[in-house]
Amino acid sequence: IGRRVILTQDPILRITKTNNATTTLFLTASTTVDYKIVIENNGGPAYHSVLFDTLKDEDGNIVNKQSWNLDEIHPNEKITINYTIAFNASTTPSGIYTNYARVKSIGRNPSLNPFYGWFVDSPVATSSVEIGGSAGGTTENDGGENGSGDGGGDGMGGGGSESVIDEPLGSGSSGGGGGPVASTGGAGGR
């Protein structure tokens with residue numbers, strides 16, 4: 001006798017990332033930059049979800065990375081995460097710094113057994129700032145919709161919900177010896 005397993009619609013994750021620097025703001029190496037990540041799920045539940053955020057310099061070196069455990073992202077749920085990175089004047093070289101954000105999760109079933117659930121990741125969203133001797137700028141990349149899975153399902157779900165986390169959760173850490181550092185704090189509510 002086999003085990004009956006309930007499979008849900010695949011999650012359809014969308015992620016955007018922005019910062020508060022504007023094209024008219026001159027950033028120096030002693031500046032703080034506020035970042036905002038918005039995650040939306042327009043499909044089925046996304047189980048065991050974790051947001052990974054990595055700051056790289058223009059040579060591709062990781063200078064800061066952190067992660068947030070989001071657990072389950074429900075259908076039609078919107079999660080907003082706000083945090084700040086300080087660029088230290090004495091240790092931050094001039095250049096363009098880009099943040100990369102991505103959600104990794106499991107779709108179809110919360111089981112980690114690969115016969116029941118499978119990996120469903122969001123696209124990567126980016127946001128860049130220029131530090132140093134020229135006028136600062138900002139770019140933003142909307143990660144779009146998740147290309148994983150078949151995109152099927154009826155698109156129906158609950159009325160949706162929204163969560164805001166104003167402080168990083170858990171594992172924020174600074175890479176390298178100095179340079180940009182993310183603010184850290186306790187867990188925010190969902």
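These legends go with several close-up views of a predicted model.

**View 1. Confidence along the chain.** Welcome to the model as a whole: its mean pLDDT (the predictor's confidence in each residue, from 0 to 100) is 73, with 63% of residues at 70 or more. Over residues 134–161 the pLDDT is below 50, and this stretch has 67 contacts (heavy atoms within 4.5 Å) beyond near neighbours in sequence. Residues 184–190 also have pLDDT below 50, with 20 such contacts.

**View 2. The stacked pair of Tyr 35 and Tyr 83.** Three aromatic pairs turn up in the whole structure; rings of Phe, Tyr and Trp (its six-membered ring) pair if their centres lie within 6.5 Å, and planes under 30 degrees apart count as stacked, over 60 as edge-to-face and the rest as tilted. Here the centres are 5.4 Å apart, with 15 degrees between the planes. Tyr 35 lies in strand β2 (residues 32–41) and Tyr 83 in strand β5 (residues 77–86), so the pair ties together parts 48 residues apart in sequence; strands are DSSP runs (E, at least two residues), numbered from the N terminus.

**View 3. Charges over rings.** A charge sits over a ring if NZ of Lys or CZ of Arg is within 6 Å of the ring centre and within 35 degrees of the ring normal. Lys 56 lies over the face of Tyr 100, 5.3 Å from the ring centre, and Arg 108 over that of Trp 118, at 3.8 Å.

**Notes.** Residues are numbered from 1 along each chain as its sequence is written, and side-chain values use heavy atoms, leaving out hydrogens and water. In this predicted model, local features need pLDDT of at least 70 and side-chain atom pairs count only at pLDDT 80 or more, while totals for chains, interfaces and linings use all residues.

Note on methods:
Helix = DSSP H or I, 4+ residues; strand = E, 2+ residues; numbered from the N terminus.
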